[in-house]
Amino acid sequence: MNRDPYATVLNSALTEINKAYPDIKNSFIFMNNDSIITGDQDTDEKTMNNMLESFQTMKKKSNVLGNLKSLRINGKNGKLTVSNINDMYLVLATSKNMDKTHIYSITHVIIPTILKTLETFTPTNFQIISPKNLIVDTLSGFFAGDSVQIDLEILKDWTKNTDPPTHVKAEIAGEQNIQEIIDYVRIEKFDGNSTLCKVKEINDQKLKGKNMIRIPEKICNTLEIKKGDIVKVKPIS
Amino acid sequence: MLVKKFETNDTLYDVEKMQKKLQEIKDQEGIIGYILRGSKSASIDIKDPIKIIDYAVLSSTVFDVGNDITEAFQLGELDTIVVESEETKLVSMDINNHRISLFMEKNVDHDKLYKNLK
């Protein structure tokens, strides 16, 4: 789970909302770009990831309707609401009896107000650093080294969110400076095992833009991951 | 307006009854069209025939996703699914093993339509 201050504040907000509305069974927030920001303790990461995957599938097919704003699923025993708030989505799974107006208050008043307040207090430096789900490719051979390799676009994106003014400088000065900002990444498996690695830009042109992370074989062995697996990768600046 | 209909030996009475209701709904203001799927039949009536495949794919995906999510979050048997964009929405429901997807403008009261169909 994301541990930056923004996520911590949203996590506290969700905890308090869940206390105030006992009909809420599960709640979590994810970004437009697939990364989960925070969630309540009762919802395991696998469920959140499955939900995210299903939602993204539906989002792709719903272009015919226009920009997706919300999804509501009513079952015989409960209901689930996914609401678009700025560039994130709030998921609330509730009992069948949860009042519509309460859900509306949370999605349209409480969470947006918290987000707006956060932005007011910290206009530039309090940004979300989103972990990314990347596909593993193994690096083997004598020159594999100890560093993992990630697409430059992803590194740029992280740099932008970590420190916007520095990002602008890096853009002006060239790509090398990005390396100075994102030195390490944390690679995390969905079972929670993780490791910290040095990071470089992917040097194989054919592998660029494929949402891939190239990991030296020995690190793959340590983490017990193989080519094609999906891992969560978070920048450490 | 394009109407496509494929039927085998489905419970013809149920399908026709449902279709009659849907035809009435379709003529109401703000309704873009509908897709009705029975166990062995399907009918589609969408105002914009160019988008018919996109609507059909979305309708099918929404039911799949809806079932996955209701199972994951233990919501019980699927009742309705509402997918809302800035201007339009899709309301999908399962009534007596008939999967109905209604496409409409956002301001249409879909609760009223659901009650009518049920």
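This is a predicted model: local features need pLDDT of at least 70, side-chain atom pairs count only at pLDDT 80 or more; totals for chains, interfaces and linings use all residues.
Residues are numbered from 1 along each chain as its sequence is written, and chains are lettered from A and ligands numbered from 1 in the order in which they are written.

Helices (H or I, at least four residues) and strands (E, at least two) are DSSP runs, numbered from the N terminus. A residue is buried if 20 or more other C-beta atoms, placed from the backbone, lie within 10 Å of its own. In α2(A), that applies to A:Met48, A:Met51, A:Leu52, A:Phe55, A:Met58 and A:Lys61.

Now for the meeting of the chains. Contact means C-beta atoms, placed from the backbone, within 7 Å. By that rule, 30 residues of chain B touch 27 residues of chain A. The biggest contribution on the chain B side comes from α2(B), with twelve residues.

Here are two strands that pair (at least two DSSP bridges between them):

| Strand of chain A | Partner | Sense | Bridges |
|---|---|---|---|
| β3 (residues 68-75) | β4(B) | antiparallel | seven |

Within this pairing, A:Asn74 has B:Thr80 as its bridge partner in β4(B). Beyond four places away in sequence, B:Val83 touches residues including A:Ser62, A:Leu65 and B:Val62.

Technical notes: Two residues are in contact if their C-beta atoms, placed from the backbone, lie within 7 Å. A residue is buried if 20 or more other C-beta atoms lie within 10 Å of its own, exposed if 12 or fewer, and partly exposed in between; C-beta atoms are placed from the backbone.
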